[in-house]
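Take a look at the structure first, then run through the notes below.

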Amino acid sequence: MRSGRRKRKLHLSKLYSFTCCRASSFEDELYSQIGGRGYSRVVLCNEHGGNLESEVVRDYADNSVRSTKYTPATFLPKSLFEQFRRVANFYFLVTGILAFTKLAPFNAASAIFPLIIVVGATMVKEGIEDWRRKKQDIEVNNRRVKVHKGDGNFEYTEWKNLRVGNIVKVEKDEFFPADLLLLSSSYEDAVCYVETMNLDGETNLKLKQGLEITSSLHGNLSFQKFRATVKCEDPNANLYSFVGSLEFGDQKYPLSPQQLLLRDSKLRNTDYIFGAVIFTGHDTKVIQNSTDPPSKRSRIERKMDRVIYFLFCILFLMAFVGSIFFYILTKDDLQGGSMKRWYLRPDDTTVFFDPKRPAAAAAFHCLTALMLYGFFIPISLYVSIEIVKVLQSIFINQDIHMYYEQADKPANARTSNLNEELGQVDTILSDKTGTLTCNSMEFVKCSIAGVAYGRGITEVEKAMGKRKGSPLNHEQVIGSEPNSINESSNGKASIKGFNFIDERIMNGNWVNEPHADVIRRFFRLLAICHTAIPEMDEDTGNVSYEAESPDEAAFVIAAREIGFEFCKRTQTSVSTFELDPVSGKKVERVYKLLNVLEFNSSRKRMSVIVEDEEGKIFLLCKGADSVMFERIAKNGREFQDKTMEHVHDYADAGLRTLILAYRELDVEEYKEFRNKFSKAKNLVCADQERQIEKISNKIERNLILLGATAVEDKLQNGVPDCIDKLAQAGIKIWVLTGDKMETAINIGFACSLLRQGMKQIIIHLESPEIKALEKDGDKLAIIKASRQSVLQQISEGAAQLTAYRGSSQQAFALIIDGKSLVYALDDNIKNMFLELAIRCASVICCRSSPKQKALVTRLVKSGTRKTTLAIGDGANDVGMLQEADIGVGISGVEGMQAVMSSDIAIAQFRYLDRLLLVHGHWCYRRISSMICYFFYKNITFGFTLFLYEVYASFSGEPAYNDWLLSIYNVFFSSLPVIALGVFDQDVSARYCLKFPLLYQEGVQNVLFSWRRILSWMLNGFISAIIIFFFCTKAMELQAFDSEGRTAGRDILGATMYTCVVWVVNLQIALAISYFTMIQHIFIWGSIAFWYIFLLVYGAMSPHFSTNAYQVFAETLAPSPMYWIVTFFVVISTLIPYFSYSAIQMRFFPMFHEIVQWIRYEGKTKDPEYCHMVRQRSLRPTTVGSTARLAAMANDRRDRTTINRR
């Protein structure tokens, strides 16, 4: 709690949520499930000594947890298995093993060394990550808690030592060490407050309450003789269910989720609790829920695997072709009695060169060639990509432009596997509430007794006015100047959650209204019908509210501001201060709280049953219009027509509405309800919830309508601009929301997803025929007619699109409600629905359930086979986030569950444009270029080995020294490519946002297409050919030095190697668009390190350095020939790529090259030129404000043309 505040002690055992906790005995037959399959757990509470080891608890898990992937015993085998599952690593393992045989063209140490480096680096990374998890496990397992040791003594022990049945004492702000049965607390009625952020991400506190029979167990000594048996469900992952019974004395008591305290939740605002351990360790619900998130791999990674397989095919083809030639040459070595290759002594040789057994020799040569040509496969590719992606993620996390200062929340790339996928998003599927909007509700308008109150104008109404050509006064717009509005109206500062302006009912003026009695009942209902908890600041006397949702807080605050202040809640009552119309003063009124029928997504309503000071019993109800109007009594419909009209107007204005109604209950009716309700609550069976709902549904009938509320959920700052940029980038945007169709449509207009002149294809099931069938109640007929209706509407929509195909300027929007979506997602219809949807400019799915959001996401992902991104902020978006290729969580006010299930977390929707258009574009380009360059440099190096093989009659001898072969990928060409993957920018962040057209390079995958991959490979082959033939021809005949010596294999190999090192490093310098000091250091440092290594390695013993001994110091460095050949070969090798790049950029520029030309020619500040370039990204189906302005300009131009005619 904040200083200066103290929560008042609450006694909530009379609330609906807690009535099941009170002592109540019932018949054994109600325990039909206990002891059966899935309900076999038996816990002996507070048993000590031998009983704890009895059969009934012997097999239960201990309380230690392990989140590590490995153990000391399994680390080596499991980690090695993970590494060698990769086909490239497995290939190098096989060649490393073969290197110990006589087949190897190099020594075994040089073959194994790079594999050890690459695999070892990855294993070290895995080990470090697992050690961090191990340390977290040790810290958690060694936390301490007080445990009853017998005779009323509680002593501290580690969590890992807890056993099922132990009695523990948890104190304020401590975590629960296991799943506990709440027995008692510091409150008299065993109530405690629990924070469950670690479980479900929700920040609001939950109320739990123990059974009344155990609530008296307060002191330590009271547990001296306490014994009880709990029979309950087996361990499962459902956080919100618990079925069991407590046997205490001779009685049995039902248990519910209200008595279960889950591990890793925290005790708040309660001094202590006593609890019995029910589930331990890996049996606890939070650990049962700890499933691994779905494995996601980017499209580039999957394609990279296919490219590597392609390289393997080339490698095997080269080895096979080489072996055929070797077979022919070897077979001919002794023909006619003469030895063609006399230097191989074919008359006295091993099987590897035996002309009498050419087939065997060719087979062995094939194995030798497979080892030798293995340098085609980039051994360090995977580990380099992992390093680059981790560094890219750090840059994303540290981007100050995606830091939300108000909430102190930066961007958080929770996984680095999908960085490049951010640059290829084709479709975004977005939640609305809390994602596009703030989820910070403000009470704006209301309809009471058929009269509309509230004079402000919402942002959506302002947008509607603009599109209708009648812009509204800025000062009228709600929230545009909140302080000035409220201060001028009320003479006080603005109040969070309340932005209502209407002098007719404010400041007590409601008493003068014609329907003052209805107004009083309306705001009294808002002050009573909720589960909010008041907090009083004892320094100022101000009351604030902790509510389960922003809507509920806004209602309670609105009631307070009108004159109905909710101030106190006890175990049996709710107290308010209300304005007395007679005396004109505020008086305290106390309402006895009998039951609370809570809100859930299926009920779509909430009710409380209260008894006022006069002894009258009332049911107060608020809920969605879809379920409330059907519950209104015939004599309670006086204001229904007007209220419905106002509700539609509010929906058009983008407001969220609820209907308020009440009824008075006679005593006998309530008693009958209470008895049935209590009996249903005591049921311990799967049918319990259905029985409760049936009884609740019966009492919530024949209501009298009071009116409707309207709260505004404002668009987040920057949402329209963000959507505009994303749309210009060619990204399609779908909105999946649970709101009404009218609200969703108008939010769509406000954020420019929809625009005037865009034809709307609306699919719904509100036809008279469907409604008539729903009244008849024939379910089969309803399903059949609904499916047929949806199919017909989809077909009609497709026909409209086909009819307008010739009209290049016409755009369509598809809007579908949740009921229709059920049928549109049928296997027989979903492909037609998807085809229609992807041809529309924007898609809005209204009244969507969480499951429907996930199913739509799956349909788009599988149907389009393009990258999808889902973005949301609530628990209802988790399925959608996990189903999409990329899940982005908004760390908003609905808790952190969406963030915990996401791949990347941001604080506001407006940061999505920078995440995709800047970081996504950069990461895609960097990873694509990096992989292509890897293939290039390995082919350049590997193909020189093949050419030398051809030159040397396929003898199996490598052109280079053994250790030079091994360290090429590790030391001389790895760091520059890592720098490319981390730092390169084709254009700056400012130009990425200024010209969203750039993003299409990723969507169309132009930088990692097969054409581009093969062109880089071809460049590698060309480079290898030029290097080999220029070097060999230059050194073949003439003397190499002043002493007249000719070049041998050592000199030729070192010279070719020098040229390769220079070429591949200068090639990356040509490919880089944005140089930093690090790139300069890595490129020139790699070249310099080659000369340093050659000096140091050549100075070693000839036994170790072999043919590289003193080759540089004594032979290469003094020879001008070496330097001249190096210079001309390097220049000649780079000319083809340089020429191709220059021609392409001048005559066939790609998107990023166009922007580079604009920057180079100084036209970045020329508005007409920039506008012309940006227009290339606009299509008739583009949405956003820029496209809307373009459409308006086209309309004006068309009208002008018509008028001239």
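Asn 1019 is buried, with 9% relative accessible area (buried means under 20%, exposed over 50%, partly exposed in between, using a 1.4 Å probe and protein chains only). Keep in mind that this is a predicted model, where local features need pLDDT of at least 70, side-chain atom pairs count only at pLDDT 80 or more, and totals for chains, interfaces and linings use all residues. Residues are numbered from 1 along each chain as its sequence is written, and side-chain values use heavy atoms, with hydrogens and water left out.

- Asn 1019 sits in helix H32, residues 1010–1035 (helices are DSSP runs of H or I with at least four residues, strands are E runs of at least two, and both are numbered from the N terminus).
- Leaving aside residues up to four places away in sequence, Asn 1019 touches Tyr 936, Gln 1067 and Tyr 1137 (contact means heavy atoms within 4.5 Å).
- Leu 965 belongs to helix H28, residues 962–972, and counts as buried at 1% relative accessibility.
- With residues up to four places away in sequence again not counted, Leu 965 touches Phe 106, Phe 375, Phe 941, Leu 945, Pro 958 and Tyr 960.

**Helix pair H20 and H21**

- The axes of H20 (residues 768–776) and H21 (residues 779–803) come within 9 Å and cross at roughly 165 degrees (axes are lines fitted to C-alpha atoms, for helices over the stretch in contact, and angles run from 0 to 180 degrees between N-to-C directions).
- That makes H20 roughly antiparallel to H21 (the label applies to angles over 145 degrees; under 35 is roughly parallel, 65 to 115 roughly perpendicular, and the rest oblique).
- On the H20 side, Ile 770, Leu 773 and Glu 774 make the contact, and H21 brings Ala 781, Ile 782, Ala 785 and Ser 786.

- Ala 449 has a phi near 55 degrees, a positive value in a residue other than glycine.
- Ala 449 is found in the loop between strand E17 (437–448) and strand E18 (451–453), and counts as buried at 6% relative accessibility.
- Arg 865 isn't a glycine either, yet has a positive phi of about 55 degrees.
- The loop holding Arg 865 runs between helix H24 (850–864) and strand E32 (867–872), and at 69% relative accessibility Arg 865 counts as exposed.
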